[in-house]
Amino acid sequence: MEIAAAAAAIAGVQPVQDTYQTGNISMYSTPRNISISGGTHTLVNGPSYTLHNVTTDRRWIIDLQNHTAPGAFHNSGERYDAPKCHPDTRVAVIKDIMDWVRDPNRVEQFLWIYGPAGSGKSSIAQTIAELCEAEGILASDYFFSRTAPGRNRETNLIATLACQLITTIPRICTYMEAAINHDPLIFSRSLSLQLDSLILDPLNQLVASSHGSPSQEKPYPFLVIIDGLDECGKPESQRYILSSIYSALQKSAAQLIFIIASRPEQVIRDTFNGDLNLYTRSLVLNHKYLPDNDIRLFLESNFLEIRQKHPLAKYLPSDWPSSSDMDYLVSKASGQFVYASTVAKFVKSPRDRPMDRLKIIRNASPPGNNVPFAELDELYKLILGSIEPSRLEKVLDIFGWVLAEADIENSWGWRLFGIPNIEYFLGYQPGDITLLLSDLHSIIKIEPASGLSLFHASLGDFFRDRSRSGSFFIDMGIYSDIELHREYTSRYDNYLRGSLSLWVDAYRKNTAQFAVLTALTLKVKHDSRSTVYFFQRKIPESRGYMVPTFPLTLRADFFARAGYYDLSGTDDCISRLVRIVAEPDKSGHRWIDTSEPYVKLAMVILEIFQTRPSDVESGTEVPIDQDGFETIGLELLSATFNRIPNELSLIEYLTDGRDRDFVYLEELGKNKLQVLIENYIQEYQRSQIVPQAMNTKVVTEAMDTKAVPEAVNTKVVPEAMNTKVVPKRRRWFWH
């Protein structure tokens with residue numbers, strides 16, 4: 001603090017009765033080694049003074065300065081290149097903030113601005129600080145930085161805020177000086193006491209001393225901005241700062257309001273949602289403010305600058321980058337400015353060709369020695385570095401799940417799992433994911449009902465690239481063969497069984513669904529995957545949901561990545577599914593405990609053989625030849641007949657007299673399906689002959705004599721054939 005500034009500060013103190021003494025003038029009610037000597041002195045009872053040859057004791061100011069972090073000011077030299085909002089961007093969010101600051105009727109004392117890492121919180125805070133400084137309403141500010149010594153701890157926060165008040169509210173100096181002289185150890189006291197002694201109480205005294213003075217009616221600057229609270233020390237320190245400010249404000253009449261900008265870390269969320277809830281307005285930087293539009297504008301402006309100012313500007317096409325390039329970059333940014341800023345800095349480097357660098361960003365060419373996302377990677381590593389080592393493996397497993405689920409959503413357009421399902425599969429206790437990810441809310445979105453998602457699409461690229469992520473690398477290939485991960489085997493079986501149970505309950509009335517699971521319990525020559533293909537090919541309206549999507553896509557997409565109709569890699573999953581539906585559970589119960597599912601299966605297969613090629617949706621054929629499909633169908637039907645011989649309900653279905661057109665009979669040689677059906681009916685008829693014949697004397701005598709051949713040739717069999725079991729006038733439906 002310069003002497004002239006200190007003098008100006010002193011001049012702002014309200015004078016009392018003037019007393020003249022030899023050699024000096026005592027002007028203040030609480031003089032402290034202040035003397036004015038020599039020259040001419042003009043004293044006016046008002047805000048304007050003329051002082052000459054002023055000398056003062058500056059020890060309190062020096063003491064204050066020694067406990068400040070000058071680099072934390074919004075306009076400090078240390079932050080000469082501080083990020084701020086690009087022109088014409090973030091207009092809506094800045095308006096919302098400034099409306100709150102200017103509103104004289106606001107009821108909250110805190111505005112909490114939060115959002116994911118890289119969403120532009122510091123840029124917004126910087127812009128607000130500059131706007132409010134220009135309007136004369138900024139009292140002080142503090143910009144934390146985890147990597148800047150002196151700006152990453154709470155010990156000098158209050159002193160730094162107080163030091164700025166000397167210039168923004170000069171009339172506060174006398175009261176601040178008195179507080180420091182009264183307690184030389186004030187800077188070692190609690191934050192709450194420091195805030196009260198150095199800022200709030202001096203402001204109250206200032207207001208009291210100005211009461212009734214027309215010249216002092218203009219209010220003092222009242223806004224304090226604290227940015228990057230999450231970058232201050234440990235979580236306990238962040239809670240300590242908030243609780244201290246809240247506690248001090250509760251006991252003071254000082255009219256200060258605070259803007260706090262941070263990531264939504266656990267301790268900060270809990271504090272704002274706790275004691276501070278009634279005094280806080282929250283502003284989340286989400287898609288409400290259309291960040292994609294701002295990011296596109298930011299990128300367009302930077303690429304225009306590259307085309308105009310880069311050393312190779314004259315070689316750049318006027319339409320570069322293409323619209324597809326811009327769409328890609330905006331999509332990858334995921335609404336977070338840090339990605340766009342990193343891309344712009346990398347591409348505009350004067351040491352390389354911008355077009356080549358953009359190709360590296362788009363993975364269209366190898367990076368070589370370039371590190372395009374170095375700044376972004378450091379951000380991710382910094383955040384992930386907060387994970388306790390004992391929890392790291394579990395956390396990376398969760399992120400592995402999220403990456404795979406994102407692939408499913410991109411391919412299919414819908415999400416599969418909520419948090420309870422993820423915890424169930426991973427073998428975690430309910431609530432474990434909440435605990436494991438409690439300090440990672442700046443990079444991952446947690447919604448109990450719909451599940452987990454990444455705030456940054458580029459974070460997935462980071463995890464998958466070992467050269468970028470290092471110890472945080474996630475090898476998705478390890479999941480391509482579930483047997484390589486023994487720990488998951490039992491979990492997968494349990495999950496599959498549980499999912500199957502839920503799936504069966506949900507779709508028990510759906511014939512097609514039941515048919516697929518029932519078919520998988522049959523012992524057939526073809527593999528289970530071909531069986532699933534058969535139903536998908538033949539029942540278009542059921543395609544995509546006729547198999548239990550939870551467990552199948554878990555294997556096909558989470559561990560390998562497959563499409564809607566591409567079940568490659570799911571053999572292991574289906575074999576597990578087969579075991580679950582075919583084998584009894586721990587209680588001895590089987591999934592199929594009656595013949596009804598097999599009857600339904602037979603009916604579905606028989607209906608399939610009536611399907612014409614035109615009935616199948618175009619573009620959905622799977623790579624199995626037509627003969628192969630029919631062979632699978634006949635094999636499934638034969639196995640089904642063998643599983644439920646002599647089933648009356650199926651016989652009645654086969655002989656109900658309806659005409660059915662089997663369009664593939666000619667291709668099948670007509671005998672294949674017909675013989676299969678006739679044999680089933682004849683077996684049933686034979687099973688009915690023996691009981692009836694056992695009640696006649698013919699069979700009894702035949703069993704005791706050599707007349708058995710004759711008995712076979714009697715009218716017993718023909719008469720039995722004409723009983724009510726198969727009515728004479730009914731016709732088989734393949735006619």
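Analyst: Buried means under 20% relative accessible area, exposed over 50%, and partly exposed in between (1.4 Å probe, protein chains only). This is a predicted model, where local features need pLDDT of at least 70, side-chain atom pairs count only at pLDDT 80 or more, and totals for chains, interfaces and linings use all residues. Residues are numbered from 1 along each chain as its sequence is written, and side-chain values use heavy atoms, without hydrogens and water.

User: Which residues does threonine 89 touch, beyond four places away in sequence?

Analyst: A contact means heavy atoms within 4.5 Å. Leaving out residues up to four places away, threonine 89 touches Ile94, Asp294 and Leu297.

User: Is aspartate 439 buried, partly exposed or exposed?

Analyst: Aspartate 439 sits in the loop between helix H17 (432-436) and strand S10 (444-447). Its relative accessible area is 32%, so aspartate 439 is partly exposed.

User: How far apart in space are aspartate 439 and glutamate 265?

Analyst: Aspartate 439 touches Glu265, as well as Gln266 and Ser386. In sequence, aspartate 439 and glutamate 265 are 174 residues apart. From C-alpha to C-alpha, their distance in space is 5.3 Å.

User: Why are the buried residues of helix H13 on the same side?

Analyst: Helix H13 covers residues 354-361, and Pro354, Arg357, Leu358, Ile360 and Ile361 are buried there. They lie on the same side of H13 because, around the axis, they cover an arc of only 155°.

User: Which helices do the buried residues of H13 pack against?

Analyst: Pro354 and Ile361 are among the buried residues of H13. Their group packs against three partners: helix H10 (291-309), helix H11 (323-333) and helix H12 (337-347).

User: What share of the residues scores a pLDDT of at least 70?

Analyst: pLDDT is the predictor's confidence in each residue, from 0 to 100. The protein chain averages 76, and the share scoring at least 70 is 65%.

User: How many contacts does the stretch 542-570 have in the model, beyond near neighbours in sequence?

Analyst: Over residues 542-570 the pLDDT is below 50. Residues 613-625 also stay under 50, with 18 contacts beyond four places in sequence. For 542-570, beyond near neighbours in sequence, the number of contacts is 98.

Notes: Helix = DSSP H or I, 4+ residues; strand = E, 2+ residues; numbered from the N terminus. Arc of directions from axis to C-beta.
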